[in-house]
Structure formats: structure tokens, C-alpha cells
Amino acid sequence: MTAVKVAAPAVPPVLLAITPRMERPWERSSAVRSLPPETKLVALVTFALVVVATPTAAWPVAVVAAFGLAAVAVIARVPGGWALRRAGVELPFVVFALLMPFVATGPRVPVGPLTLSHAGLVGGGAVLVRATLGLGAALVLAASTPPYEIIEGLGRLRLPRALVDVLTHMIRFLDLVADDLRRQGIAHAARGDHRSRGVRLAATAASAGHLFVRCVERGERLQLAMLSRGYRGTLPPSGRPAPAAGEWGRALALPMLVGAALLVAFAMGAR
């Protein structure tokens with residue numbers, strides 16, 4: 001009988017097991033996907049800081065950031081539908097930006113049949129642009145990095161060990177709660193429950209206490225299982241080597257480009 005070789009997983013099983021059953025755009029190979037997670041986390045924070053530090057008068061910097069982020073999204077092979085479905089979290093910022101021209105004080109300018117605040121228009125536009133760029137960068141990170149790698153990257157960036165463990169278990173329990181909700185939906189359908197989706201959601205919300213008890217029970221079983229397998233307060237390392245200088249350079253290319261554009265804008269007198 002011919003022996004069959006089975007390839008070992010690229011990450012520790014304990015980390016692989018915490019990935020929720022969800023859409024997995026990070027399974028697409030790309031140049032961004034192959035970068036170490038800690039480099040992408042630092043790039044995300046740096047990009048967000050540069051975008052926030054950009055004054056409203058330096059709008060070309062925002063244009064450079066938008067085109068650069070779009071290019072990175074294409075390189076990372078971010079699915080358009082996946083990103084659009086998650087872009088709804090920006091809705092509060094959109095509402096706030098749309099209300100600012102109506103409630104802000106100061107000189108007013110005519111815009112069609114309306115008279116809006118000039119400061120509100122500028123401030124609302126700045127809020128919308130910054131929120132959109134920050135959300136886009138976060139979606140690129142989420143689409144190119146599995147949750148367990150994000151947690152691993154936070155640990156390698158010296159985030160407190162206790163906080164990393166809390167995040168690890170939180171992601172695991174998201175999977176457990178999603179499983180319970182799926183089973184409830186299947187049970188309702190098997191019993192001929194053809195009520196509207198809103199009514200079914202209300203019924204699910206009413207059983208939140210039951211879900212909480214189930215999560216506590218599963219948490220106790222999970223803790224016992226981990227202790228029986230040698231868990232002593234820390235998860236085993238993945239064995240990934242430290243990022244090379246070239247990997248840091250590729251990850252920070254976009255923040256450095258936007259930062260250079262911001263320095264040029266400051267040199268030209270933008271405030």
C-alpha cells in the first residue's frame with residue numbers, strides 16, 4: 001500500500017480551530033495575503049493616523065490615499081460584494097456628515113434650493129472622507145488576514161497576553177453562537193415556521209438568555225478541554241519567523257506614500 005503524505009497546516013491547530021464559519025476572502029492568495037499580520041496591523045494604524053492628520057485644505061493627499069488604497073484592494077483581491085455588505089457600518093458617519101451642513105453655524109452658501117453652512121459642508125466632507133478611507137483600509141486587512149493571524153499579530157506586537165487570550169476566546173465563541181443560531185433556524189423551519197424574518201429575529205432575541213446559558217456551559221467545557229491538553233495560560237506560538245525588512249517595506253508602502261504626499265502638502269503651505 002502506497003503511503004500518502006498529508007501536508008501539515010500552516011498554523012497551529014489551536015489557532016486554526018477558532019476561525020468562525022464565515023465567508024473567507026483571505027483564502028485567495030495574493031501579495032498582501034502573504035505578508036506577516038503584524039506588518040499589516042502597523043500599516044493600518046499608520047495609514048489611519050496619516051489620513052486623520054491630513055488637513056481639509058490638502059485634498060490632493062486624500063486623492064492619493066484613495067487611489068493607493070484602491071490599488072492595494074485590487075492587489076489583495078478583495079471581493080467587491082463582500083466589502084459592500086460590510087460597508088454598512090459607516091452609515092452613522094454618513095448620517096452625521098449629511099446633518100452637519102444643516103446644523104453647523106457660520107457663513108452659509110446656497111446649494112440648489114437649500115442654504116447650507118460652509119463650515120458644515122467642509123467638516124462633513126472631511127468626516128466622510130476620513131471614515132471611508134479608514135473603513136476601506138480595515139476591510140482590506142480583514143479580507144487579506146484570517147482572524148487567528150490578526151490575533152497572532154497583536155501578540156507579536158506585545159499586546160498584553162491576557163487581552164490576546166480574551167480576543168481568542170471571543171472569536172471562538174462567535175462561532176459557537178452562530179452555530180446555535182443556525183440550529184435554531186433549522187429547527188424552526190423543520191417545524192413549519194414560515195413567519196417573516198423580523199418575527200423570527202424577535203423570537204431569537206427572546207431566547208438570548210438560553211443562548212447565554214449555553215455559551216457559559218460550552219465555555220466551561222472548552223476550558224476543561226484546554227487544561228486537559230496542557231494549556232497553562234498561553235497558546236503555543238505559530239513558529240512564524242520575524243518579518244524581514246522587505247516585508248515591512250511592502251506593508252508600509254502605502255502609508256509612506258500618503259505620508260510623503262502630506263509632507264509635500266505641508267511644504268506648499270496647506271493648513
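Student: What covers the buried residues of helix 2?

Tutor: Covering is read through contact, meaning heavy atoms within 4.5 Å, and through burial, where buried means under 20% relative accessible area, exposed over 50% and partly exposed in between (1.4 Å probe, protein chains only). Here the cover of the buried residues in helix 2 includes helix 3, helix 6 (118–144), helix 7 (147–156), helix 11 (245–251) and helix 12 (253–267). The model is predicted, so local features need pLDDT of at least 70 and side-chain atom pairs count only at pLDDT 80 or more, whereas totals for chains, interfaces and linings use all residues. Residues are numbered from 1 along each chain as its sequence is written, and side-chain values use heavy atoms, with hydrogens and water left out.

Student: Which residues of helix 2 are buried, and what span does helix 2 reach from its first C-alpha to its last?

Tutor: Helices (H or I, at least four residues) and strands (E, at least two) are DSSP runs, numbered from the N terminus, and the expected span of a helix is 1.5 Å times one less than its number of residues. Helix 2, residues 37–53, has 17 residues and reaches 24 Å between its end C-alpha atoms, close to the 24 Å expected at 1.5 Å a residue. Its buried residues are Pro37, Glu38, Thr39, Lys40, Leu41, Ala43, Phe47, Val50 and Val51. An α-helix has 3.6 residues a turn, so residues three or four places apart point the same way.

Student: Which residues touch the most other members of the largest nonpolar core?

Tutor: A nonpolar core is a set of buried Ala, Val, Leu, Ile, Met, Phe, Trp, Tyr and Cys residues joined through side-chain atoms within 4.5 Å. The largest one has 23 residues, and those touching the most other members are Phe47, Val61, Leu69, Val78, Trp82, Leu133 and Val258. Two or more residues of this core come from each of helix 2, helix 3, helix 4, helix 6 and helix 12, with helix 6 giving the largest share, six residues. Val78, once residues up to four places away in sequence are set aside, touches Ala73, Ala83, Val140 and Ala143.

Student: How many salt bridges does a search of the whole structure find?

Tutor: Side chains of opposite charge can pair when their charged atoms come close, and the criterion for a salt bridge is a side-chain nitrogen of Lys or Arg within 4 Å of a carboxyl oxygen of Asp or Glu. The search finds two. In one of them Glu149 pairs with Arg33, with the closest N and O atoms 3.2 Å apart, and this joins distant parts of the chain, since Glu149 lies in helix 7 and Arg33 in the loop between helix 1 and helix 2, 116 residues apart. Arg156 also forms a salt bridge, with Glu38, at 2.8 Å between the closest N and O atoms, and that pair links helix 7, which holds Arg156, to helix 2, which holds Glu38, across 118 residues.

Student: Are Arg33, Glu149, Arg156 and Glu38 buried or exposed?

Tutor: Arg33 is buried, at a relative accessible area of 18%, and Glu149 is buried at 4%. In the other pair, Glu38 is buried at 3%, whereas Arg156 is partly exposed at 27%. The loop that holds Arg33 runs between helix 1 (13–16) and helix 2. Beyond residues up to four places away in sequence, Arg33 touches Trp26, Arg28, Lys40, Ser144, Pro146, Tyr148 and Glu149.

Student: Which residues form a nonpolar patch on the surface?

Tutor: Patches are made of residues with over 30% relative accessible area and no salt bridge, joining like charges within 9 Å and nonpolar side chains (Val, Leu, Ile, Met, Phe, Trp, Tyr) within 5 Å. Trp59, Val63 and Phe67 form such a nonpolar patch, with about 380 Å² of accessible area together. Trp59 belongs to helix 3 (residues 59–75) and is exposed, at a relative accessible area of 59%.

Student: How many helices and strands does the protein chain have?

Tutor: The protein chain has 12 helices and two strands, in the order α-α-α-α-α-β-β-α-α-α-α-α-α-α along the sequence. Buried residues make up 34% of its 271 residues, and among contacts between residues at least 6 apart in sequence, 79% join residues at least 24 apart.

How values were computed: Accessible areas come from the Shrake-Rupley method with a 1.4 Å probe; for residues, only the protein chains shown count as cover.
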